[in-house]
Structure formats: C-alpha cells, structure tokens
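Here are my notes for someone opening this one for the first time. Have a look at the picture, then go through the points in order.

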Amino acid sequence: MDTWIRDLPKAELHIHIEGSLEPELMFAIAQRNQIALPYPSAVAVRDAYQFSNLQSFLDIYYAGAGVLLHEQDFYDMTWAYLERCAAQNIRHTEIFFDPQTHTDRGVPFATVINGIYQALVDGKQLGVSSQLICSFLRHLSAESAMATLEQAMPFQDWLVGVGLDSSEMGHPPVKFQAVFDRARAEGFLTVAHAGEEGPPEYIWQALELLKVSRIDHGVRCLEDPKLVAYLAERQIPLTVCPLSNVKLCVFDDMATHNLKQLLAAGLCVTVNSDDPAYFGGYLAENFQAIRDHLALTVTEMHQLSRNGFQAAFLSPEAKATLLAEVDRFMATAGRAIGNLS
Ligand code: HPA
Ligand code: ZN
C-alpha cells in the first residue's frame, strides 16, 4: 500500500459494524460464548467468502453476527474497527448497525447499542470521531422497522440518523415511507441503500419519499441522466463501496467500476468499505484499489477525500477543520513524493 494513501486523512460514511467482524474475532467470541460455528477455522471462514450477489453475502453475514451476545462482544468488534481506523488515518466514521439482526435472536437493543457506543466514546482517544446510524433490514416488514425505531428512541442522543439496508430487490424504499416519516419527525437524519442492485427508480424513491441526505451505493444512477442531473445539482452524496461492488458482482472487476464516470458527472462521490472483513479491505485498501485500477489522478484522490468530510454529518466548524487537514496533507505529500500526478 502507498503510505500516502494510508496516511491521507479520510472519512468513512458507509460501514456496517457487523461487517467489520474479522473471522479471528468471530472465532474468539464464539468460543467464549460457547457457540459452534459451521467452520473448522478462521482460514476456512475466509475461504467461504466467495459471493455471487448481495443475497449470497447477506446469508453468511447474518450467520457471522450470530456469535454476538453480550455488550462486551459489540464493544470488542467496534473497538477492533476503530483501531483499524486509527492505523489508516480515518479521522471520522459514520457507522451503521443492524439492531434487528440481534433483537430477532433475543439480544436486547440496549445490549447492542451500549457496547457499540462505549467503544465509540473510547475511540475519541484514538483520534477518531464518529456518528451512529440505526439501519432497518428491508427484507423484514415495515412494522418491524417501526418497532425498532421505537426501541431506538431512548437512545436518540447517541444516534444521528436511520438507514435502510439488506436485500434491495423487491423491497423498494416506498415500503418504509411511514417509518422514515416518523423518524424525520423525531429529528433523525435519513439515508438509504439504493441503486446497488436495484434500479434508478429506487434511488428516486429514496430521495422523494424517504427524503434522504445521502444515497448509499447509488452506482446505478448513471442509467438515468435526469437522476444524475438531480444528484449533481444538489450535490447529494453517494457513498460508493468499490471493493464491495466487485465482491458482490455489481461490476465484473475494479477496472470496469464506474466511479471515475460518477466523478466526471460532477457527483459528490465518497469512498467507503461497506463490510471490510468480508470484502478484502478497509478504507485505505478501497482508495488504493481505485487509484491502481481506475488511473485516478492525485487531484481526484484529493477530491474524494474532501468529499467524505463534506458529506459527513458534522458541524460546519468540524468539517472546515478536517478539510483544512486534508488540504495541508496533500500540499505536503505532493511535495514529498514529487512524482504524483
Ligand atoms: N447492501 C445491503 N445491505 C447490506 C450491505 C450492502 O452492501 N452490507 C451489509 N448489509
Ligand atoms: Zn452497505
């Protein structure tokens, strides 16, 4: 990995914390909770990470999250991710968690959020600021999402917004219109996965019905020129996840990913890891992969780093401070490396 990519100040806006659970930690937690895993070793788990689409991943991802029972488990998983952030100079991260994956197994909402939140508080010592987003599983009912929103209400001070993830096809945003209306009325910001596997119509619904501040993924927007114009004019951020898109066969390989076209269309593109333990890398590996395979210029890389902070749910003052940090870094790195172009 290029050290300047590792050290570039970065923001991450699309990471499912359950997707940061590395096989080694999954095994350690399974052992202390006396849960049997259907694999003999962490290596065997990693070998099983071959996916043909989103659903083939989700089946394994939900099974992996089944080892998480106690506050300490959620703390350890989140802390391990924050240590990775610190090592890659991720200065700010906005983390999704999927409460229903746990409450449906009998793990209380409070257990999940207490463990994650305590790690986020401690993470400030690592120089990583954070926000938390409560995400609803769209393959479950709107009633289940509404009940989850109710469970989240006592913890609203710890949450910046709500999101929508899991199996996209057949579960359009309109299914959750009433839940998102209620969430916004309670003061939550909203985001939604749309246009990962689903059509541009799902992105329109997320914008017009769920009134989202950002689109998670959104790579299929290029199929609809009116949608591209709408997103570009309003600078509605897309949280693009390059390694995820290749692993889940949204694109055949990194060389055919459309990130460079999205940037060229004037969109506010951000780079993210999605589920780093499953997709072969954290945020820096995603930046490295697009630099290597899409021939991104240093100017484009600088823009992508800036976009992450610009699109974050941070105060104008915090954004300005972090953007100045990015610009200072690029001015220095450019001189030191010399041959960057
Ligand atoms: N898409 C939808 N749901 C998810 C994803 C994703 O990429 N990762 C974790 N849950
Ligand atoms: Zn995602």
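This is a predicted model: local features need pLDDT of at least 70, side-chain atom pairs count only at pLDDT 80 or more; totals for chains, interfaces and linings use all residues.

1. The zinc ion (ligand 2) is held by His14 (NE2), His16 (NE2), His193 (NE2) and Asp274 (OD), at 2.0 to 2.2 Å. His16 belongs to strand E1 (residues 10-16), while Asp274 sits in the loop between strand E8 (269-271) and helix H14 (276-279), so this pair ties together parts that are 258 residues apart in sequence.

2. What do the angles say about the zinc ion (ligand 2)? The four donor atoms subtend 82 to 174° around the ion, and because of that the arrangement is irregular. Along the sequence, the donor residues follow the spacing H-x1-H-x176-H-x80-D.

3. Now for ligand 1. The residues surrounding it include His16, His193 and Asp274, along with Leu54, Phe57, Leu58 and Tyr61. Compare that with the metal site: His16, His193 and Asp274 are also among the residues coordinating the zinc ion (ligand 2).

4. Some polar pairs at ligand 1 are worth a click. A polar side-chain atom of Asp275 is 2.7 Å from a nitrogen atom of ligand 1, and one of Glu196 is 2.8 Å from a nitrogen atom of ligand 1. His217 places a polar side-chain atom 3.2 Å from an oxygen atom of the ligand. On its own ligand 1 exposes 260 Å², and the protein buries 100% of that.

5. Next, helix H15 (residues 283-294). Nine of the twelve residues are buried, so H15 is largely enclosed by the rest of the structure. Among the buried ones are Leu283, Phe287, Ile290 and Leu294, but also Asn286, Gln288 and Arg291. Just after H15, Ala295 has a positive phi of about 50°.

6. Last stop, Pro108, in the loop between helix H6 (99-103) and helix H7 (109-123). Its relative accessibility is 47%, so Pro108 counts as partly exposed. The C-alpha atoms of Pro108 and Gln151 are separated by 9.4 Å, with the two residues 43 apart along the chain.

Terms used
Residues are numbered from 1 along each chain as its sequence is written. Chains are lettered from A and ligands numbered from 1 in the order in which they are written. Side-chain values use heavy atoms; hydrogens and water are left out. Donors are N, O and S atoms within 2.8 Å of the metal (3.2 Å for Na, K and Ca); water is not among the atoms, so sites may look incomplete. Four donors count as tetrahedral if all angles lie between 85 and 135 degrees; four count as square planar and six as octahedral if opposite donors are over 155 degrees apart and all others between 65 and 115; anything else is irregular. Helices (H or I, at least four residues) and strands (E, at least two) are DSSP runs, numbered from the N terminus. Buried means under 20% relative accessible area, exposed over 50%, partly exposed in between (1.4 Å probe, protein chains only). A residue is near a molecule or strand if one of its heavy atoms lies within 4 Å of it. A polar contact is a pair of N or O atoms within 3.5 Å; within protein, one must be able to donate a hydrogen and the other to accept it, and residues adjacent in sequence count only if both atoms are side-chain atoms. Accessible areas come from the Shrake-Rupley method with a 1.4 Å probe; for residues, only the protein chains shown count as cover.
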